[in-house]
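Biologist: Could you walk me through this structure? I'd like to hear how its parts meet.

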Amino acid sequence: MIHWQVIIPLLLFLVVIFMIGIWANKKVRTSESFLQEYFLGGREMGGFILAMTMIATYGSASSFIGGPGVAYTKGLGWVLLAMAQLPAGYFVLMVLGKKFAIIARKFQTITLIDFLRIRYKSDVIVIVSAIAIIVFLFSSMMAQWVGGARLIESLTGLTYPVALFIFAASVLIYVVIGGFRAVALTDAVQGSIMVIGTIILLIGTIIAGGGIDAIMAALVAENPNYVSPFGAEGELTPLYVSTFWILIGVGVVGLPQIAVRAMSYKNAKSMHRAILIGTIAIGTIMFGMHLIGVLARPVMPGIEIGDKVMPLLTLEVLPPVVAGLVLAAPMAATMSTVNALLILVSSTVVKDIYLNYIKPGASDAQIKKASFIVTTVIGLAVVVFALRPPDLIVWLNLFAFGGLEAVFIWSVVLGLYWQKANRYGAIASMFTGMTMYIVIDVFAKNAFGMHSVTLPIIGSLLVFVIVSVITHHKVAHEPNWLDQ
Amino acid sequence: MNDKRFKIANREAWIGVLLVMINFAIWFGFAYGLGSGDPTEYTYVLGFPAWFFYSCIAGTIFMIVLLYVVIKVFFKDVPFDEEEPKS
């Protein structure tokens, strides 16, 4: 079946996105510094765009599809867990903050790895970081593309390969031609759709359920645990839920796709505004979407597959035209995450590998050509992998999340604020974080009742500090590179 | 380098850490402080269980207001491009 009322808003949405891409391409062609423009949008983001690109990059298909599906089966305890994401709105910008922005300008850094390279002067760190970013974000991108294509598939009735092709073509074209500026501007549109869609669906669901009182009473009647903080089976312990503050709250500082945004805004005022706007937006989306998942239970009982809760609910409780707008929200969430990952992986390959190790003296024309080619090839490679997709989108996504956090968080934060942080400590902490995360996740998932990411984050901090102190004499004669 | 801007930045970073701790305390305290009893005997506020209302709704609104105040009062507007600010 083909839902035209859903397809028309989606098409309109795509047209707007394309126009932004074409407009951004003009800027790319006329810019004096291609790298700064293509990969950072010329560091010109104002408060609203910065806030929206942060939350749109952060909020993905799992916030709109996977998350509400889990909330449907677990109850209000899952909304509580989702609210651990509120700090993602303010913590990154405050902690990386002005120091990161000032240093990024001073050294003209384009990528997060640029910052690490200048701070630690170590090829090992550059290469390990590049590999981590490419491997994890590539897999994360693939999961998101599968999610995007499945969404189109279920909304339009097209087959999976066709849906994948439409999704890939729409994202690839504007990202390749428009670069970061197109990504950030489309994120502003997509982020707004995400917020508005959430509010509409929340209101629609409450009305359809006969009001909050009636819905809560129905939940208690089915299983009182749905309204407790502990989950339907009492499986959500306070310790376990609290450790999500690391994975999806403060640990977000270590995500390269988020951190790079903290070096691309215009001035201090943009940052102040973005903190407020971003926190309001992320609070609305995460609270709204997950609560919707819980409220959906009495409204539409008996849905077996979690991922179908949100689309089915939307079509059920909203009038057709409005449903189309709301269903553009998960689309927007997916696209806005994918476009950020694509441009980031491309910048890693071009700036951190090609320009550092393959062709250091490349001319502007060569860099331009390389950037377009690399972005296109990566995009197409993802499509090929996504044709035979693995399951468990949420799991893959979270794995990439935790892995990158464990690798980067301390190298970035301590590198920025701790004088004694040195390359040996950073390398040791990167390897420790990564290895511990994989070992724990595979052999002792959620060890000691904490999310798998908790111990690697703590362990890599300890290793970082100990190794940096022990090896301090080796680097004591070197100047602090950030002060040069 | 004793760039004055970095002093401001350091202080703001610590404020960020402090805010997360406050946020976590509110979230955790209300959720498990009010929500640990028998779910059939919860009190309700505006239709929601009290623990949920205070932890996830009122707590979030409080954090946003707090952020607004903190930014107005403590966050400084510094230039990013100049090497050394004048003062």
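Modeller: Happy to; we'll take the chain contacts, then the record, then a helix pair. This is a predicted model, where local features need pLDDT of at least 70, side-chain atom pairs count only at pLDDT 80 or more, and totals for chains, interfaces and linings use all residues. Residues are numbered from 1 along each chain as its sequence is written, with chains lettered from A and ligands numbered from 1 in the order in which they are written.

Biologist: Which element of chain B gives the most to the side that touches chain A?

Modeller: Contact means that C-beta atoms, placed from the backbone, lie within 7 Å. By that rule, 40 residues of chain B are in contact with 42 residues of chain A. Helices (H or I, at least four residues) and strands (E, at least two) are DSSP runs, numbered from the N terminus. With 18 residues, the element giving the most is helix 1 of chain B.

Biologist: Where does UniProt place the "transmembrane region" feature in chain B?

Modeller: The entry is unreviewed, and such annotations, given in the numbering used here with shortened feature names, may be inferred rather than shown by experiment. In the model, the span 51-71 of chain B is 100% helix, with its end C-alpha atoms 28 Å apart. UniProt places the feature at residues 12-31 and 51-71 of chain B.

Biologist: Are helix 7 and helix 8 of chain A roughly parallel or antiparallel?

Modeller: Axes are lines fitted to C-alpha atoms, for helices over the stretch in contact, with angles from 0 to 180 degrees between N-to-C directions. The axes of helix 7 and helix 8 of chain A come within 9 Å and cross at roughly 160°. Angles under 35 degrees count as roughly parallel, over 145 as roughly antiparallel, 65 to 115 as roughly perpendicular and the rest as oblique. Helix 7 and helix 8 of chain A are therefore roughly antiparallel.

Definitions and conventions
Contact = placed C-beta atoms within 7 Å.
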